[in-house]
Amino acid sequence: MIYTKKVLYRIILKEVFGAQVAEVALCLFNNPYSHFKNLIENASTLKLSSKELSQCLATLYQHQLLIIVKSERNPEILEFLLDEEKILHIVLFPKFLRLLDRKSGKVHGVVLQELFTRGRDSMSSAIFHAISYLKVGESHASVQEVLDCFTELAVEKYIIPVEPFDSSEQGAISLSLPSLSPETQQKIAQALEEEATELPELPDRKKLWTVNLKKLGQDLRNDLVKDAAQSSIDSNAAEVLGLFLNLVDALAEKGKFLNLKNDEVVSQAQRRHCVTKSKFVDGYLQILAEDGFIQKVDGAVEGTYTSDHTKILEKLARAIVECAVLTLGKHSLRLFCAIEEYGLVSQETLYAKMILSKSDVNRRVAQLVRKGFVAQYDYRKINAASVKKIYWNPTLHKVEFTKVARTVLQRTYQALLNAKIVSQDVSSESEEILKKKDKLELLEEEVKAGIAENPENEESLQEIVRNYFTEEDEKEYHGSLKKDLLLNGVQLKLALDILILEDFLKAVTVQFQPRTRSVLRL
Amino acid sequence: MTSSSFVVKKEKLDPSELDKILLDFCKAHPEGVSGPLLKSSHPDLDLKQCTIRLQKLVSEGKLAIFKKGATNLFKYKELSAAQKNVKFENEIEKAIYDVIADSGKIGIWIKDLRESIGVAQQQCITALKSLKAKELVKEVFPGTGHKRMWMLYDIEPDQQYIADKGGPWVNESTGEFEPDVGEKLMNLTLAYLKKQFNRPSDNSGLFAERKRHYLTPAEIHKFLEEKKIIDAKTTVEHVETVCDNLVFERSVVKKVSSNGPVYRFAKAMMESSGFSSVPCGFCPLTEECRVDAVVSPQSCEYYSKWKETAETADMLVEPLKSVRPLV
């Protein structure tokens with residue numbers, strides 16, 4: 001998996017930041033907790049000067065890919081660590097935007113996109129670039145409208161200020177709302193009218209904002225859980241679950257107790273004017289508890305419920321793993337689930353319990369073992385009276401879910417890497433046709449101008465356009481667009497699976513203990 | 001001359017006539033016929049001739065001899081139409097046939113058969129094959145984990161001694177698995193559970209409505225019986241096995257209530273994952289796949305075909321633009 005991750009990260013970072021930044025990031029991936037001197041030594045192999053190295057580190061830090069910690073041996077020395085999760089967020093960012101588009105609106109998505117593109121930026125700059133982007137797409141929004149969107153995003157904590165809160169307020173909810181003075185707003189409007197490419201220096205340039213990827217990741221997970229509830233129950237259940245999870249997250253931020261009473265969810269439903277009638281909320285909560293999306297804390301009919309993050313992750317991870325097993329066939333899934341249910345089981349038991357022929361059971365179990373979904377144990381029963389005499393030796397099978405999840409994660413990383421490589425090949429193949437399409441647009445404009453001057457030449461001018469971009473070219477162009485969309489869609493799906501599986505493994509694996517050192521914020 | 005000096009000469013009867021008398025007598029006494037009983041019933045018969053004829057009838061298979069205490073008894077053996085016309089290849093075949101016939105409805109295991117007659121494995125198997133071809137004997141499979149038994153062709157195995165043969169998807173006589181039967185049962189059970197799930201709401205409340213979706217194995221068994229999909233040999237336990245298999249396929253959900261397990265149709269939580277949406281999910285060479293290797297994504301035929309034929313994935317916002325780093 002390490003090799004696959006290295007190649008994958010190299011491709012993603014090279015695509016977005018360039019080759020130099022990608023190599024520095026990989027250097028950190030190979031040698032976590034390196035300090036600057038280590039990196040200088042490695043820079044000679046990377047053929048980077050110390051200035052270039054500093055710039056690369058600054059870029060990584062700008063885009064939240066770099067974690068800086070104080071060295072344990074010498075607190076004056078800073079050590080660098082690559083934040084791998086944020087690399088995955090680069091691939092997932094279109095999904096975040098779509099989530100925000102559905103929830104809030106297009107302008108919110110554009111503001112978030114511009115801030116993410118720049119890593120960290122001041123509010124005025126982000127607003128300026130967002131309006132410029134909207135103009136290119138022939139949408140219009142005033143400075144006030146975009147400022148309101150920015151404020152809403154800050155209130156919802158999708159955007160957070162870069163400067164840390166006071167140390168006494170660590171973990172508190174206090175937030176300074178963003179604001180722009182009317183003079184600053186006027187200067188932005190003026191710059192937009194003049195079609196300037198950059199803003200002049202404004203008073204808020206030192207107060208930087210950045211995208212809260214943690215919150216977006218949390219929302220994405222909640223969205224996936226809601227989709228799962230919608231698929232397995234119905235849309236109203238998904239809505240109730242969404243309300244419940246939002247309430248739980250809000251309480252978690254306040255550091256409060258996470259159990260919710262039924263009437264709290266009902267009042268939230270009423271407040272939000274949900275489609276779901278509040279009298280049905282209790283029924284849906286009971287159904288969600290029965291299906292394992294939430295947990296009932298007490299035995300009362302209108303009870304208290306809570307949400308266990310690990311259990312939700314396990315539910316989603318289990319669905320992903322079962323989809324992976326399903327690629328081997330429906331009967332293999334049956335065997336996999338049966339072995340998991342029965343624990344340590346012999347093939348004789350499977351013959352008796354499964355509606356499958358013995359040869360089918362043997363073949364499929366062997367395939368599951370080969371693919372790493374099922375573990376095989378040789379169990380020797382030894383006669384206590386005579387240790388040397390072994391009189392029973394059945395082979396037993398077991399599903400160790402954490403290991404299987406890790407296997408599927410490894411395969412998903414491989415699949416994502418393959419999709420990325422194929423996507424790059426498709427892009428390079430379709431480069432020519434895309435250039436031709438761009439030229440066609442210019443040609444069409446010239447032809448329109450030509451027709452306006454000499455209307456009698458319309459036929460011949462149209463003929464020129466048709467001959468330049470034939471039907472076959474049109475077909476090839478649409479084909480390449482379709483492939484591009486398909487591959488992008490598949491990459492998103494794979495990245496989502498990786499997100500869930502990584503989170504699940506972090507939640508359940510005892511060995512994983514992140515180094516608990518204070519993280520320095522500059 | 002006095003009457004006491006006369007000795008009545010016992011005329012020897014015709015053998016076929018004597019056979020008939022003896023057979024009729026044995027038929028009339030199904031518990032068995034001993035020498036003293038025959039002598040007391042038919043004092044006029046020559047005992048020596050009777051003994052010879054009885055032995056002949058035993059060798060022909062019309063009578064069976066068995067011991068009760070110290071006495072030998074003769075019993076009448078009913079022959080089927082095939083048996084009356086049967087011609088045994090050799091004595092071993094005949095002996096095997098007789099032992100199998102004695103086993104009645106329970107049948108006999110091949111090892112016990114060999115030991116009772118005292119023949120080698122290969123001889124026994126050859127004889128059994130020959131008898132099976134003549135439709136005199138058959139092999140019966142009592143159930144998973146049990147031995148195959150041999151019995152006469154016309155006899156129905158005794159259900160008391162035949163263990164659960166594994167379900168209606170196991171062929172009774174050969175013991176072979178019949179996949180079509182199993183799949184059909186599973187599909188019909190699933191369709192019934194789905195029908196129950198899609199029943200119109202009766203406004204009794206969400207949770208109460210959900211309780212209605214659950215069915216017990218007995219209810220499902222009753223439905224299948226009414227539709228004549230299953231026969232009397234299929235029990236509720238078999239239906240429970242079918243439902244458990246559907247649970248393992250994630251088409252059905254099981255809940256253990258106070259009255260036993262209940263089952264409900266379940267919609268899939270996730271139609272497909274990322275891994276199952278790409279050719280890599282189905283590729284047998286995924287472990288050998290490396291960039292620029294012999295097996296690589298660049299040269300992958302599955303990917304080339306998939307790119308041309310697959311439907312477009314969910315529409316997205318445009319991918320992330322290239323980033324200008326701020327220095």
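Which residues in α8(B) meet which residues in α11(B)? On the α8(B) side they are L185(B), M186(B), T189(B) and L190(B), and their partners in α11(B) are V242(B), C243(B), N245(B) and L246(B). Keep in mind that you're looking at a predicted model.

**A helix pair in chain B**
- Helix α8 of chain B covers residues 179–197 and helix α11 of chain B covers residues 236–248; their axes come within 10 Å and cross at roughly 80 degrees.

**A helix pair in chain A**
- Over in chain A, helix α10 (residues 213–232) and α21(A) have axes that come within 11 Å and cross at roughly 100 degrees.
- That makes α10(A) roughly perpendicular to α21(A).
- From α10(A), the contact draws on L220(A), R221(A) and L224(A), while α21(A) brings L496(A), L499(A), I500(A) and D503(A).
- By class, this contact of α10(A) with α21(A) has 5 nonpolar residues, 2 charged and no polar.

**Where the two chains meet**
- Take the head count to begin with: 79 residues of chain A are in contact with 64 residues of chain B.
- Between them, the two chains bury about 6,700 Å², and 65% of that is on carbon and sulfur atoms.
- Three residues stand out here: R334(A), I355(A) and L486(A) supply 11% of the area that chain A buries against chain B, more than any other three residues.

**Polar and charged links between the chains**
- There are 19 residue pairs in polar contact between chain A and chain B, counting pairs with both residues at pLDDT 80 or more.
- Helix α21 of chain A (residues 471–508) gives the most to the side of chain A that touches chain B, with 12 residues.
- That side of chain A divides into 40 nonpolar, 18 polar and 21 charged residues.
- One salt bridge pairs E290(A) with R210(B), and their closest N and O atoms are 2.6 Å apart.
- E290(A) sits in helix α13 of chain A (residues 278–290) and R210(B) in helix α9 of chain B (residues 206–213), so this pair joins two chains.
- R334(A) also forms a salt bridge, with E249(B), where the closest N and O atoms are 2.9 Å apart.

Methods: Residues are numbered from 1 along each chain as its sequence is written. Chains are lettered from A and ligands numbered from 1 in the order in which they are written. This is a predicted model: local features need pLDDT of at least 70, side-chain atom pairs count only at pLDDT 80 or more; totals for chains, interfaces and linings use all residues. Side-chain values use heavy atoms; hydrogens and water are left out. Contact means heavy atoms within 4.5 Å. Buried area is the accessible area (1.4 Å probe) that two parts lose on being put together, summed over both. A salt bridge is a side-chain nitrogen of Lys or Arg within 4 Å of a carboxyl oxygen of Asp or Glu. A polar contact is a pair of N or O atoms within 3.5 Å; within protein, one must be able to donate a hydrogen and the other to accept it, and residues adjacent in sequence count only if both atoms are side-chain atoms. Helices (H or I, at least four residues) and strands (E, at least two) are DSSP runs, numbered from the N terminus. Ala, Val, Leu, Ile, Met, Phe, Trp, Tyr, Cys and Pro count as nonpolar, Asp, Glu, Lys and Arg as charged, and the others, Gly among them, as polar. Axes are lines fitted to C-alpha atoms, for helices over the stretch in contact, and angles run from 0 to 180 degrees between N-to-C directions. Angles under 35 degrees count as roughly parallel, over 145 as roughly antiparallel, 65 to 115 as roughly perpendicular and the rest as oblique.
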